[in-house]
Amino acid sequence: MADLRVKKVKDFSAEITVPGDKSISHRALMFSALSNGPCEITGFLASEDCLATMHALAAMGVEIEQLGAGGTHIRVHGCRGQFKDPGKPIDCGNSGTTMRLLAGILASQPFETTLTGDESLTKRPMNRIAIPLEQMGAKIKGQGDRCTAPLKITGRPKLTAIQYESPVASAQIKSAIMLAALAADGKSTVTEPHPSRDHTERMLNYLLVKNIRSGKTVSIWGGQTPESRDIRVPGDISSAAFWIVAAAARKGARLLINNVGLNPTRIGILSVMIRMGARITERVDESGCEPMGSIEIIGGGLVATEIGGAEIPTLIDEIPVLAVAAALAEGKTVIKDAQELRVKESDRISAVAENLRRMGVTVDEFADGMEITGGATLKGAEINSLGDHRIAMAFAIAGLFAEGETVIKGVECIETSYPGFTRELEQLQAMSR
Ligand code: S3P
């Protein structure tokens, strides 16, 4: 198990870019594989999670070319959704997006496939996609009442359209249904309690697949094949989030992040940091498939806030690092309506609470969130990542503000979403010395 050692930094001034967006990279791979020809993808995130999707598609007969060093520029040859039987189980690694979205594609394939994953992924609930996909006509067999992986999926080439009311705001559920709906007759709809990230809707529209949003409902028509087009993936706002908090909470710091995704369904972190007192300026370019641009952050003293309701899906993956921001802010921050955090790569409510307490912070844990009392000096501590990339990186940022050394145990998991994070952290520490 690898450790990461972090020490306190002073103020800094930097200009950075972050690797490609994970959610958009998964979709770029899958949707171009479904398309009618070659698609070049630039800015692709060559991290473990997205490589799990790439290897799965390759095992299903999709030709994927590497067009340069670093793995960020690739060409996918679309097969119009005519995949080949992989003949053996597909390993989705740590990636929930791979498993859930792929299940939506496999629901209509004329063969049986088994999807499996690592220790964390095989504990996560898959009934949330199994229920709607079975209603559409696929057969899905998982383990126990939460239908955990390994998942055996028996596809049915002609699926039935569905009008589905999802109990959770989840882009993974919505996208799995939308992908299956392409193989159904007529119009399918998915309604969510609050809108989740809309990368699937945007990218399908960009590939000329008709789908329409009206309030909390998205509609999509079956029988459509995505048109092959080149796709540019912006930098991942969820990776940028770590540096946003590092700069916002450090008086005198200035940070410019270029080429980052600024999709309104993903940028809840910016509104929260502004409420907490950070000075943030955005420059957005709306001309591509996804809004992207630059953000400048000027650090200052932070104050507590409340985060909940419809804002949660817009910042769900950023809550661990927002909890660190809360620990550095004056006052009590309340995070609520975030019960989904309990079923991510780890139980992120208990992981955040336990690790913040190790650093000397008072945290009250609730079923759906926590209250964090900010303002106390953070103490360097030994942190347990629980094999969860976002916990490892959030607490590396906490270490930049702590007295003494912080040691993060088990940082290999960072490779699932942010190759290069440790190098960036070292550069920042070197710069501030
Ligand atoms: C993702 C959606 C989110 C997010 C995950 C990636 C996606 O999950 O937490 O990291 O790519 O669709 P849910 O949609 O299940 O909340």
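**The ligand and its shell**

By class, 2 nonpolar, 4 polar and 4 charged residues make up the shell around the ligand. Here Ala, Val, Leu, Ile, Met, Phe, Trp, Tyr, Cys and Pro count as nonpolar, Asp, Glu, Lys and Arg as charged, and the others, Gly among them, as polar. This is a predicted model: local features need pLDDT of at least 70, side-chain atom pairs count only at pLDDT 80 or more, and totals for chains, interfaces and linings use all residues. Residues are numbered from 1 along each chain as its sequence is written, and side-chain values use heavy atoms, with hydrogens and water left out.

Me: Which residues are around the ligand?
Reply: A residue counts as near if one of its heavy atoms lies within 4 Å of the molecule. The residues around the ligand are S23, R27, T97, S170, A171, Q172, R197, I316, D317 and K344.

Me: Why does the ligand lie between domain 1 and domain 2?
Reply: Domain bounds come from an automatic or database domain assignment. Domain 1 covers 3-20 + 234-431, and domain 2 covers 22-232. The ligand lies between them because residues of the shell come from both domain 1 and domain 2.

Me: How far is an oxygen atom of the ligand from an N or O atom in the side chain of K344?
Reply: A polar contact is a pair of N or O atoms within 3.5 Å. For the backbone of Q172, a polar atom is 3.1 Å from a ligand oxygen. For the side chain of K344, the distance is 2.7 Å.

Me: How much of the ligand does the protein bury?
Reply: Accessible areas come from the Shrake-Rupley method with a 1.4 Å probe. Taken alone, the ligand exposes 380 Å². Of that, the protein buries 95%.

Me: Which residue does a cis peptide bond join to A149?
Reply: Omega is about 0° at this bond. The partner of A149 is P150.

Definitions and conventions
Polar contact = N/O pair within 3.5 Å; in protein donor to acceptor, adjacent residues only side chain to side chain.
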